[in-house]
Amino acid sequence: MQATGIDLPYGSRLPPERACARGWRLRWLGMPGLYAAFDRFPSPKGAGTHIAHAAAALLEHAGGGVLAALREEDEPEALPQDPGGTLERFYHPSPNLLVRADAFASWLWDNLSGKWEAAFCQFRDPWGGVPIAEARAGKSPLIYEVNGLPSVEMPYHFPKLAASAVEKLRSLERYCLERCDGVIVPSAVIRDNLVKAGVPGKKVAVIPNGAAIPGPAPGRRARRAGI
């Protein structure tokens, strides 16, 4: 990994000059906070709930900013996002997950390169982490939210994934873990595994997943009374 471009899992490379040549979106200029997730949002999945709470906390702390995530083809790209932020969503039609990840990283790079001024940023995966880490040049606190690692999860979902691709995924993860200022994990098990892999323990914080507890259901007598 070099600071002059983004190496992606299957050998492609995004040169930094590409962003300057293609331009970038002015609505990202001067954003106080950025939360990036290579996941569809909003969505009914557990990840969608997690992203909603984590991004809301980050953007509220930063005083606004951008939540960058994925969308379906027929959904709008930008939506209002509380508190005081904007939801920017990316779509790519390829059925290949790595191609979509490559495109998402390129999209982020195009928006950030040369104009990176965010005060605080957080990402959930290497696809968001690599372009953010390269664009920020050490100017902004950077948090890596590790709920799982692609190099561990993807071989189970894609058994034919080449060993070389898995190793490149590991290199992206290592790069993000080294460049970030802090790591958030949902369990002590993930923290311990990261520490065994060489991440300093003082760099990792455990924040367990929460749950929204519904109120008590109406009792039998209340239902009979029509309440």
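Student: How many of the eleven residues of H4 are buried?

Tutor: A residue is called buried when its relative accessible area is under 20%, exposed when over 50% and partly exposed in between (1.4 Å probe, protein chains only), and in H4 eleven of the eleven residues are buried, so this helix is largely enclosed by the rest of the structure. The buried residues of H4 include Trp 127, Val 130 and Ile 132, together with Glu 134 and Arg 136. This is a predicted model, in which local features need pLDDT of at least 70 and side-chain atom pairs count only at pLDDT 80 or more, while totals for chains, interfaces and linings use all residues. Residues are numbered from 1 along each chain as its sequence is written, and side-chain values use heavy atoms, with hydrogens and water left out.

Student: How many helices and strands does the protein chain have?

Tutor: The assignment comes from DSSP runs, numbered from the N terminus, with helices (H or I) of at least four residues and strands (E) of at least two; on that basis the protein chain has eight helices and ten strands. Of its 227 residues, 43% count as buried. Taking contact to mean heavy atoms within 4.5 Å, residues 24 or more positions apart account for 57% of the contacts in the chain with a separation of 6 or more.

Student: At what angle do the axes of helix H3 and helix H4 cross?

Tutor: Two packed helices are described by the angle between their axes and the distance between the axes. Here an axis is a line fitted to C-alpha atoms, for helices over the stretch in contact, and angles run from 0 to 180 degrees between N-to-C directions. The axes of H3 (residues 97–112) and H4 (residues 126–136) come within 8 Å and cross at roughly 25 degrees. Angles under 35 degrees count as roughly parallel, over 145 as roughly antiparallel, 65 to 115 as roughly perpendicular and the rest as oblique, and H3 and H4 are therefore roughly parallel to each other. Handedness is a separate label: a crossing is left-handed if the near helix is turned anticlockwise from the far one by less than a right angle, and right-handed if clockwise, and H3 passes H4 in a right-handed crossing. Among the residues that meet are Phe 104, Leu 108 and Trp 109 in H3 and Trp 127, Pro 131 and Ile 132 in H4. The residues of this contact divide into eleven nonpolar, one polar and one charged, where Ala, Val, Leu, Ile, Met, Phe, Trp, Tyr, Cys and Pro count as nonpolar, Asp, Glu, Lys and Arg as charged, and the others, Gly among them, as polar.

Student: Which residues make the contact of H4 with H6?

Tutor: For this pair the axes come within 9 Å and cross at roughly 50 degrees, which makes H4 oblique to H6. H4 passes H6 in a left-handed crossing. The contact is made by residues including Trp 127, Val 130 and Arg 136 of H4 and Leu 172, Tyr 175 and Arg 179 of H6. By class, this contact has eight nonpolar, one polar and four charged residues.

Student: How are H5 and H6 oriented, roughly parallel or roughly antiparallel?

Tutor: The axes of H5 (residues 150–157) and H6 (residues 163–179) come within 9 Å and cross at roughly 155 degrees, and the two helices are therefore roughly antiparallel to each other. Pro 150, Ser 151, Met 154 and Pro 155 in H5 meet Val 166, Leu 169, Arg 170 and Glu 173 in H6. By class, the contact of H5 with H6 has five nonpolar, one polar and two charged residues.

Student: Leaving aside neighbours within four places in sequence, which residues is Ala 36 in contact with?

Tutor: Ala 36, which lies in strand S3, is buried, with a relative accessible area of 0%. Beyond its neighbours within four places in sequence, Ala 36 is in contact with Ala 68, Leu 108, Gln 122, Phe 123, Arg 124, Gly 128 and Ile 132.

Student: Which backbone oxygen does the side chain of Arg 89 reach?

Tutor: A polar contact is a pair of N or O atoms within 3.5 Å; within protein, one must be able to donate a hydrogen and the other to accept it, and residues adjacent in sequence count only if both atoms are side-chain atoms. Arg 89 lies in strand S6 (residues 85–90) and counts as buried at 3% relative accessibility, and its side chain reaches the backbone oxygen of Phe 41 at 3.2 Å. Phe 41 is also joined to Pro 42 by a cis peptide bond, with omega at about -5 degrees, and Pro 42 lies in the loop between S3 (33–40) and H2 (46–62).
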